[in-house]
Amino acid sequence: MSKQVSRARALAPPPAELFGRQRELASARELFSATRLVTLTGPGGVGKTTLSAALSATLDRAFRDGTWFVELGAQRSSDTVAEAVVTQLGLSALATVDAEEQLCRHVAERSMLLILDNCEHVLPGCRRLLSALLAASAELRVLTTSREPLGIRGERVIVVRPLAIPPSHRDVTADELREYPAAAMLEARARAVNDQFEITAHTTAAVARLCATLDGMPLAIELAAVRLRSLSVQELLAHIDDRFALLTSGDPTAAPHHRSLDALVRWSYDLCSPTEQLLWERMAVFSGSADLPAIQAVCGLPPLEGTKLLDALDGLVSKSIVLTETAQGDMRYRFLETLREFAREQARDSEDCGRARRAHTEYYRTWAARAAENFFGPGQPDIVRRWESDITNLELAFDDLLRAAPGSHGALELAADLRFSWMSGHLRAGRRWLERALAGDTTACAERGNALWAAGWFEALHGETRTARDFLDEADGIAQRFGDSRMAARAATWTGLTAMVAGDFEGCRSSLEAAYSRHREHADVEGLLMTLFLLGLIRSLSGDHQGAAAAGREAVERSERLGDTWGRSYSLWMLGFDAWTRQDLAVAEEYAEQSLTLRWDYHDDFGSAVVLNLMAGIALDTGDPKKAAKLLGVVAELLSIVDTEVPGLLGSRYREIKSATQERLGQDLFTRHHEIGRRLDRGQRMRLALGSAAIVAADQAEEVALAGLLTPREREVASLLAEGLSNRAIAGKLVLSPRTVEAHVEHILTKLSVGSRTEAGVWAATAFGKKP
């Protein structure tokens, strides 16, 4: 299950806890049968995100490809919205396709609900992206949350208002009070922190007044309810009344709900201890979430050293000022954006805030440098996880370094130090960061030289060989000027890659051989491993199998000693590829399985597809064309996820394997097993690749083959025909227009060569195991 769908479901409250939102929920469901873009608008803290998550959970089954939740709160520029969506959908960034085009390809044939949360600060980027995506797919539905509408043609807006509050002109009983969503929510949230809390006849007037004072704002109610752990309703109300009275002279143009929420946040701030307030302000320098080591390094300046910081952090968590989340076993801490913005305003231009901001920049600059230096070691998986979790903090540090005083060269250093993060699915971002750093700091220095060879690497991967050569030539010139032979060797490695991409095998081999010798002189681990992998590949492609095996074995041995898995996976794949071209199939299979096992933990869909393609060739050559067809189906599915194809010579090998498998099985049998492969989940793909033949029952395979006659959406329509539903009823279930359903039914009848809906329903009942 994807992170986005999981998060949306986790955010979705039980139906009983929607607290009067059922009407908005029903309105949104109804709108999606007639329109493709719905926006939930309303003030901050009104509950737009919670409502969107609830809608996602109720509509998930209506979309063949599920619901996908993308949070934009941490985005700092409209220019990066598309790239943020690519990342949060779990797609790997492509070297030659921009993010918007990649997303258009991704959604083109998919039935899915895309939720973009917190769009208000990046509206131009959201407008551009959604206009393109909606034009690219007729079955895409989009739900956005924003403090203002996007203004796109066809957009329907639902205004999410504060929860209904009890009347002020008459007394109500406790039971009547609970009928008002604001009071029901307050009681539920208060009982979560104090199981003794209950609305009684003695507290109804105070609860009603408190709900009115909070204007029915869900976030305000959440924050206030926490205080009912230690205060009575009357005491809480007295404190809020005092604070609100002091803050009524704010911006007269601000919405009343915003004024009330701001007042409550300030009141919450005032109730914190001085150390909690200081930590709140310092933690506001982070973007997104942060782990404890980062908080300690950035915020642990006097007077928050040691346990004082831990105590203050615990206090903020207990007061629901800081939220906790667990990612792969690691605890991380984050603010709601409203609370972060308040703290930033509170500490604006203060010297303490400036020190925390500088500490933040220095922490992430230093961390990235250590991560790059120690990447090829046992801590590699942790480094990769940290890159993914802290990308917005790293971007914030990078922006600060770009604005730093001349001579610091920090932006060049950070952009180059993140090179393996860019290789793990962020190629476009890496290319952009390096280009910005190089344009902003043209001083001939070691930091520029290292950024240049890293930029040359990425330009070569994008096929920009001329630009790559220019960067690499300049890097070599800087290396010669300063006598830095290690830098020269790194430049030579990527000059070899550039030559390989350009088809100059002799030039490639010459550069890599020279680079290898220099890397050995310096005992440069990174240089040796990357060069050996490329050297083995070019030797294999040139027919030097003995030389390829020698390079691969040396790379694997070095990786094993270091505890590296990322580089070892690539070298094992290269050895498997070389063994397969020599038809040493048992050895090739062993290497491929080892490579896939290591690579799988990195969720590298493109890299996994390359290995699985090799395994399909091995299966075909060992006499198992059905397994080969299934593996090719997995490859096709993975490539569709990243919206790309296997490039160059490897791409031609892929097409050769596919053609030979089709010829061996015949088109119908190939299609059947190819479709089975496409439908396998992640665990089944791994079991198939590693040799488990019984992953799919024979009868299931036959059903898959039958269903393979139709597109995924047509299979959904046919399944509902088997239940005897009308076109209008099917349209309601699948959130389609009746005209679209009618077209799908016509296609089904044509493909199945049947003359009626009844016959199609009987066929679907047999294929899908339904009772006609």
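This is a predicted model: local features need pLDDT of at least 70, side-chain atom pairs count only at pLDDT 80 or more; totals for chains, interfaces and linings use all residues.

Entry one, helix α15. I looked up residues 307-318 and found that this helix has 12 residues and reaches 16 Å from its first C-alpha to its last, close to the 16 Å expected at 1.5 Å a residue. I then listed its buried residues, which are Leu309, Ala312, Leu313, Gly315 and Leu316. Seen down the axis of α15, these buried residues fall within an arc of 160°, so they line one face of the helix. On the face turned away from that buried side I noted the exposed residues Thr307, Asp311 and Asp314. Just after α15 I came to Ser320, which takes a positive phi of about 65°.

Entry two, helices α17 and α19. Which angle do the two helices make where they pack? I read an angle of about 110° between α17 (residues 351-373) and α19 (residues 391-402), with their axes 9 Å apart. Angles of 65 to 115 degrees count as roughly perpendicular, and so α17 is roughly perpendicular to α19. Among the residues that make the contact I noted Tyr364 and Trp367 of α17, and Leu394 and Leu401 of α19. By class, the contact has six nonpolar, three polar and three charged residues.

After α28 comes Gly563, with a positive phi near 85°.

Note on methods:
Residues are numbered from 1 along each chain as its sequence is written. Side-chain values use heavy atoms; hydrogens and water are left out. Helices (H or I, at least four residues) and strands (E, at least two) are DSSP runs, numbered from the N terminus. The expected span of a helix is 1.5 Å times one less than its number of residues. Buried means under 20% relative accessible area, exposed over 50%, partly exposed in between (1.4 Å probe, protein chains only). The arc is that of the directions from the helix axis to the C-beta atoms. Axes are lines fitted to C-alpha atoms, for helices over the stretch in contact, and angles run from 0 to 180 degrees between N-to-C directions. Angles under 35 degrees count as roughly parallel, over 145 as roughly antiparallel, 65 to 115 as roughly perpendicular and the rest as oblique. Contact means heavy atoms within 4.5 Å. Ala, Val, Leu, Ile, Met, Phe, Trp, Tyr, Cys and Pro count as nonpolar, Asp, Glu, Lys and Arg as charged, and the others, Gly among them, as polar.
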